[in-house]
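Keep the sequence and the 3D view side by side as you read. The report starts with single strands and then steps back to the whole chain.

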Amino acid sequence: MASLPSQAKASGVQENAAYALNQKKVVKGQVTDQNGEALLGVIIKPVSGNGGTVTDIDGNFSFDGAPGTKVTVSYVGFKTVTVTLKEGMTIKMEQDLVGLDDVVVIGYGTVKKKDLTGAVTTMKTEDITIAPTTNAMEALQGKVAGLDITKTSGQVGSGVSILLRGSRSIYGDNAPLFIIDGVQGGSYEDVNPSDIESIDVLKDASSTAIYGSAGANGVIIITTKRGQEGKARVNFDAYYGFSGTPNFQHGMVGDEWMRYQRDAYTYIHGQAPADDASLFGNSDYLNAYQQGKWIDWVDQIKNTATQQKYSLSVSGGTKKTKIFASAAYTNQKGLIETDNQKVYQLRMNIDQELNKWLTASFTSNLNYSDRNLGSRHTFINALKALPLGDPYTEDGEINYKYVGGLTTPLGDFIKNQYAENVRTTYLNVSGSMTWTPIKGLSAKTSFNGILKHARNGKFRGAQASATAPSYSSLPFGESSNTNNWQYNWENVISYNNSIGDHTFGGQLISSYIVGETEFARAYSNGLAMDSYQWHQLKGGDSKAYSEYQKWQKLSYAFRLNYSYKGRYLFNFSNRWDGVSWFVDDNKWDMFPAVALGWRISEEDFMGKATDSWLDNLKLRVGYGVTGNSGMMSTDHENGITGASAYATQSIPYFFTGTGMRDGARANVIQYNSYGSNTLGWEKSYNWNIGLDFAVLRSRIAGSVEYFNTTTKGLLFRQQVPITSGITMWGSPISTWQNLAKTRNYGVEATITSHNIQNKDFTWSTTLTATWSKERIVSMPIETGYYLDTTNGKNLFVGKAINSFYGYKYAGIWSTAEAEEAAKYGSEPGLIKVETIEKDGDGGVHPYGTDDRMVLGHSNPNWVLGFTNNFTYKGFDLSIHTMARLGQMIQSDMLSRYTASDDITVNQIAGTDYWTENNQGAYFPRPGSAKKQSAYYSALTFVDGSFFKIKNITLGYTLPTNLVKKAFMERVRFYATAYNPVIFCKSILKDTDPETGGSDAFPTYREFVFGVNVTF
């Protein structure tokens, strides 16, 4: 017992010692740059937990924490570092000149940003996944200068339209080439955005000419994530989203519908209807009206669109073996019940060091999608349908004939009446070996295989609202199968070395690609059993069709690069491409490029006067020649046997039983297009001048580019003289030749600023702007214009490729202008059109086809993007806006107001149409359609410029000390609003001009909620 006091004393000492050890201490120190200059405002935060501090004007800091605490030290314009605190320590920070040491992926290799001579923009994973998306390219909309991305449809699974520096080709493909993990021919739509490490956009010819005949439209290189040495890291992402109001208008109902019909009747008959029976002219319609059976068909068809996605990835490895693996599941449901998709994705990337001089890599991507495509006409049919009757039977079934014998626009939703299902399997597998015998020298050989199978099953029953294809009739079933194979074998020998101030390197490249496509279709008319859909085609009048294509491409290339003192940069490359689809004399062609760079900021003459504010200034000049390998595909949907415009063989059409032989019917082969033995590549000749800059310790940084591209030898259809005897049923046919010429030029700018950066709050801004013009320089047409009605092209020398040609809307004639309107063959309430002077008449004459003119173009003059990113403690906020200015669209929605007197055809609700009491309206008077049908389309051509808030994302990351208790490393919750606000011309209200005027599948607002978890 006597020992108790001493035990208690010892215990008290231990408790006091423990208490003292647990007390927080203050660690003091200083932060400077490489030259010892103090840095003000440097942020110092613990790696784990909350808190932190910033340096004062002398660079000094006081951190509440014990020595040995790990902290991150960050400052605008300097590389972020992680250090262990010591009392009185000095932390020297290394300047990070806008990421000049960052690695940029270029064709067949990488280069540090400071040594880059071409026009290349790099987007990292955080730029792509900051807002949830199933399409990686949509995430870049408005974020890369020169890259014009539009989403033209709200249909589930629809992609985006992509143009890089405008359109060059008239009839060829203008989409950029995609390189996925070093392989041509892959599909970016089959890559899970969460798996992407970076996307590099190569814009100018000095960057893309290394891809030769495929590089004219720019190159987009997607690099997926790979395993890193260290402990395994598990990421789980999940989100759920639902739609808001679709960007689509409704049809008239109630008093508005009755008012329109009375106005139309009054115009046609010269007096108001005596009663409702006279107006309706059909007792069934009248009875439905008297019983108040109004139907808003658009409300009847639309659902709440939803999407959900779950993605899991594992990354890690040892020094010798590194693995990245992922799996993802996506489920999307569209605005109509027949429109939905499920996608399953798997990826496995492995890197294995076999020994010090030999490594092996394996990359695989497997996708399976099950997609049901809704009919393109569902919304349109709903808008136009008579809004009176019984949409459903007493049993709740869809009423096929809902009033007076009219068929329902809901026919596609009747059981077993409509289906279109596409199941696609995509496999992209690559393997490579890299041998590094000595420092600076490497040899890499890689083999890739891409296999894609798609089965498309279609069925249209007798009651379906959707129509049958042009080659068939209802009821109709079809099953088609497309198989694509592509094999790539590439070899790259690289050498890089430095001797004193001289750095040089080079590459030798060989590439061999083989591609095959098989297509087979069987279809049947008059199927007896709807429930079998396309699974029992022999139950009707069945037919079959098949096609096969194979092509090969062999290439050789080299590239040389040189740098003196990291100040003067030189790059030269050349590529030779040989292809199977040209005749012997034209199989091979070459595509050279050269680029120079000058880092002006490194020059001695800049002096110390600029040291305090100028961090980087580099001038780049490049020139190169590239080709366009984009092919015009066969039109399977309309049953047209076809071949590429680049093909040298003629295109056969098969006609069954239309000829005579030995007194009996026989099959006949005719040719629609005659093969040419003189075809060569469409070739683009591109100049690019760029200026990179960074000022105020890289607080503001960016680049400005000027580009000028002339494309020669463009594919153009020429009619074969009928005297040659080469005809189709006695009519002339055409052949492709390299005859036309176009020009694109413009200016791009990207500016990023770090506006505020302190311990708790940061704010950064990025602005991208592109101004561009394109025009046709020459065509083999004496008149200087060519109206290609077959392909929907209006081609004029001096105008843009995608020009609109038609009547120019000038308003609606008023009653005060009746006498003047009569001179043009018109009257008050009808569309007024601008005319062209003819034979000295001052333009005063009845409207005719000679009054058509070039109205505008679909390509914008300006594409703008503006992104603001904010962080406050655990919160993050991103607001991304974009705009397309100076574009014209032909709005399908505006054409839905028909001014018709047909009571069964509905009109757009809220239409501002002309009456004697509303003479400032945009639309003509009801019932006047037939009097102005020739030029009625004038009111559909409008300025399609728009500005929209593309997405807003608000996130919150839980405190690290909290999530670690649950054995997690990071947890972030977020909410995103897509397309919440659109600003455009008032006449386009409730529509989205981004669709280019199409209203088949409207876009919609969407709200998404998700979580990111890292273990």
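## Strands E5 and E6

Strand E5 (residues 70-74) runs antiparallel to E6, and four bridges join the two. Strands here are DSSP runs of E with at least two residues, helices are runs of H or I with at least four residues, and both are numbered from the N terminus. Two strands pair if DSSP finds at least two bridges between them.

E5 and E6 belong to an open sheet of four strands, with the order E3-E2-E5-E6 and antiparallel pairing. Strand E3 (53-54) and strand E6 (81-84) each have a single partner strand, so one side of each has no neighbour in the sheet.

This is a predicted model: local features need pLDDT of at least 70 and side-chain atom pairs pLDDT 80 or more, while totals for chains, interfaces and linings use all residues. Residues are numbered from 1 along each chain as its sequence is written, and side-chain values use heavy atoms, leaving out hydrogens and water.

## Faces of two strands

Look at strand E4 (residues 60-64). Its side chains alternate. Phe61 and Phe63 point to one face and are buried. Buried means under 20% relative accessible area, exposed means over 50%, and partly exposed lies in between (1.4 Å probe, protein chains only). E4 runs antiparallel to strand E1 (residues 26-32), with five bridges. Lysine 28 has serine 62 as its bridge partner in E4.

Strand E42 (residues 803-806) is covered on both faces. Ser803 and Tyr805 lie on one side, Phe804 and Gly806 on the other, and all are buried. E42 pairs with strand E45 (residues 853-857) in the antiparallel sense over four bridges. Glycine 806 has methionine 853 as its bridge partner in E45.

## A buried loop residue

Asparagine 247 sits in the loop between strand E17 (230-246) and helix H4 (254-269). Is asparagine 247 buried or exposed? Its relative accessible area is 8%, so asparagine 247 is buried. Leaving aside neighbours within four places in sequence, asparagine 247 has contacts (heavy atoms within 4.5 Å) that include Ile982, Asp990, Tyr1004 and Arg1005. Glycine 154 is 93 residues from asparagine 247 in sequence, and their C-alpha atoms are 9.4 Å apart.

## Backbone exceptions

Most residues other than glycine have a negative phi, and most peptide bonds are trans.

Leucine 474 and proline 475 are joined by a cis peptide bond, with omega about -15°. Proline 475 is in the loop between strand E25 (441-460) and strand E26 (476-499). Asparagine 416 has a positive phi, near 60°. At 27% relative accessibility, asparagine 416 is partly exposed. Phenylalanine 967 also has a positive phi, about 60°. Phenylalanine 967 lies in the loop between helix H11 (960-963) and strand E51 (970-984). At 73% relative accessibility, phenylalanine 967 is exposed.

## The whole chain

The protein has 11 helices and 52 strands. Its radius of gyration is 33 Å, close to the 31 Å of the globule rule for 1015 residues, so it is as compact as a globular protein of that length. The radius is taken over C-alpha atoms, and the rule is 2.2 Å times the number of residues to the power 0.38.

Of the 1015 residues, 49% count as buried. The C-alpha trace spans about 115 × 80 × 65 Å along its principal axes.
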